[in-house]
Amino acid sequence: MAYNDLREWIAALESAGELKRIRAQVDPVLEITEIADRVSKGAAQTYGRPGGPALLFENVKGANGVPVLINQFGSERRMQMALGVEKLDEIAERIRQLLNMKSPEGFLEKLKMLPMLADMGKFFPKVIPTGPVKEVIRKKDFSLLDLPVLQCWPKDAGRFITLPCVITRDPRTGKRNVGMYRMQIYDATTAGMHWQRQKVAAEHYRDRLRGFLKDESGAQAPSPAQRSASVDIMARSGGGSMLAPGERPSGKMEVAVAIGTEPALTFSAIVPAPPEVEEFIIAGFLRQKPVELVKCETVDLEVPASAEIVLEGYVNLDELRTEGPFGDHTGFYSLEDEYPVFHLTCITHRKDPIYSTTIVGKPPMEDGFMGKAVERIFLPLMKLTLPEIVDVNLPVEGVFHNLMIVSIRKSYPGHARKVMNGIWALGQAMFTKCIVVVDEDVNVQDIGEVVLKVFNHIDPERDIQFTLGPVDSLDHASRLPNFGSKMGIDATRKWPAEGFTRPWPDEILMDEKTKTLVDKKWKDLGIE
Ligand SMILES: Cc1cc2nc3c(=O)[nH]c(=O)nc-3n(C[C@H](O)[C@H](O)[C@H](O)COP(=O)(O)O)c2cc1C
Ligand SMILES: [Mn+2]
């Protein structure tokens, strides 16, 4: 039950009563944000629950009739619909089955594996000759300013494309990456390319700089000045814009951007997948149907054949420009910094394209539901490396990198600290500013229970572990951008083997006999 494109998804949302069309004229500057924010926080009268419906704005000021879709992922129900499941745990279960694969013993077990192997064939993308995204091909007279791109918040540096699937190629392996990195519109043909330095596309960019540095022979050999300039750009992964023209490393990196893709692919662009795994395969796994791709017109990349809009272009290896500020999902503006610049070479789109976007800001918002889906789906993958983990909660107000609460089956002294260090070494979980580790009897989804037990159980000086390392680019409190400290709280019950020899009190629990007695008498007590 996969959606072939954004339109099928919109139709499914509409028939499920999950989408509202808005015909009144609205302004993409601030106004759409205020409306979407109220709806996603459940302030709209008829939708008095966090989440609210998806919104399709059909009359957007200055949009030349292009409608704007927002909040498509903004509820638990819609996240489930997007990934074609009743419960997100179904996906976790499918991943578990895949990972638990053991060599089949005997004919019968082999037979049982066949459907799974057949399924795997569906994961891989297919390149097809053409698709709807080629209905209109504009190799000149194109402009980013024609798109109904939002200015989200008052102090944003401008308009930002907020839901783009940014496609790049690894120069070493040829593999493609799809990452969601916002783009600040500078003018008709250029935009900021906000891939943070620890993300995969940023590594593709640095790999090209490294390749440039390694090129020792021939006309392309870098001069000493170019060499130091690219080292400088690499070190700053920003910076470099101040260099004189002669000093710049030369070369470019091709980039394609798909806007308005079917929901499984859009979602796969945000998942913190292992860097070497192509998101097109993840999308194929999620939708159980191959992603169909078409070749770009002006760059050597493939893009989803049924996307609403595709931007083709490149970033120069020697060019960086100030990006931001931008009202971010931390609830604060992310500060300005230097990022590569995307140059547009071609736009292709469907005949009547739909522009798909989101806003981020103070939680809960649309991205909170996406983050929660990631939490559920990634649990089995975390358990692969850290099998002692029982459950994980990333409360939305912890904005996903500030707070992780994790319960473990504790088996040896210092176990909680091993888990913290394991999490800090696990892909994008490296950004987690505070990890709270509890014993398996604590329900991490119940914040009341977590607070009760964590703060009863800790001796802060003994149980808090500090470490230093990379932090999220959005962290505005760390001593340096991208580098700072992190904290783990070992709130597990301490053992004599960990030097704790005092008696540990029992938790207060009524006995079953008395509870049953009161259950039986409850009505007669006349309290309710
Ligand atoms: C709405 C939204 C906007 C995002 N914007 C950015 C961004 O501007 N820069 C960035 O580095 N990550 C951003 N992210 C997070 C990345 O998409 C996420 O880290 C993803 O895993 C990156 O893919 P990669 O591992 O292939 O680099 C955003 C996520 C969401 C949900
Ligand atoms: Mn990736």
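**Figure 1. Polar contacts of ligand 1 in the predicted model.** An oxygen atom of ligand 1 lies 2.7 Å from a polar side-chain atom of Gln-428. A polar side-chain atom of Asn-177 is 2.8 Å from an oxygen atom of ligand 1, and a polar backbone atom of Val-271 is 3.1 Å from an oxygen atom of ligand 1. On its own ligand 1 has 630 Å² of accessible area, of which the protein covers 89% (Shrake-Rupley method, 1.4 Å probe; for residues, only the protein chains shown count as cover). The model is predicted: local features need pLDDT of at least 70, side-chain atom pairs count only at pLDDT 80 or more, and totals for chains, interfaces and linings use all residues. Residues are numbered from 1 along each chain as its sequence is written, chains are lettered from A and ligands numbered from 1 in the order in which they are written, and side-chain values use heavy atoms, with hydrogens and water left out.

**Figure 2. The shell around ligand 1.** There are 19 residues around ligand 1, and Asn-177, Met-180, Tyr-181, His-194 and Gln-428 come nearest (a residue counts as near if one of its heavy atoms lies within 4 Å). Strand E8 gives the most to this shell, with 4 residues (strands, E, at least two residues, and helices, H or I, at least four, are DSSP runs numbered from the N terminus).

**Figure 3. The manganese site.** Asn-177 (OD1) and Glu-279 (OE) coordinate the manganese ion (ligand 2) at 2.0 to 2.1 Å. Asn-177 is in strand E8 (residues 176–180) and Glu-279 in helix H9 (residues 279–287), so the pair ties together parts that are 102 residues apart in sequence. Donors are N, O and S atoms within 2.8 Å of the metal (3.2 Å for Na, K and Ca); water is not among the atoms, so sites may look incomplete. Asn-177 is buried, at 3% relative accessible area, and Glu-279 is buried at 5% (buried, under 20%; exposed, over 50%; partly exposed, in between; 1.4 Å probe, protein chains only).

**Figure 4. Thr-358 and its contact with Glu-366.** Thr-358 sits in the loop between strand E18 (355–356) and helix H10 (366–385). The side chains of Thr-358 and Glu-366 make a polar contact (2.7 Å). Such a contact is a pair of N or O atoms within 3.5 Å; within protein, one must be able to donate a hydrogen and the other to accept it, and residues adjacent in sequence count only if both atoms are side-chain atoms. Thr-358 is buried, with 6% relative accessible area.
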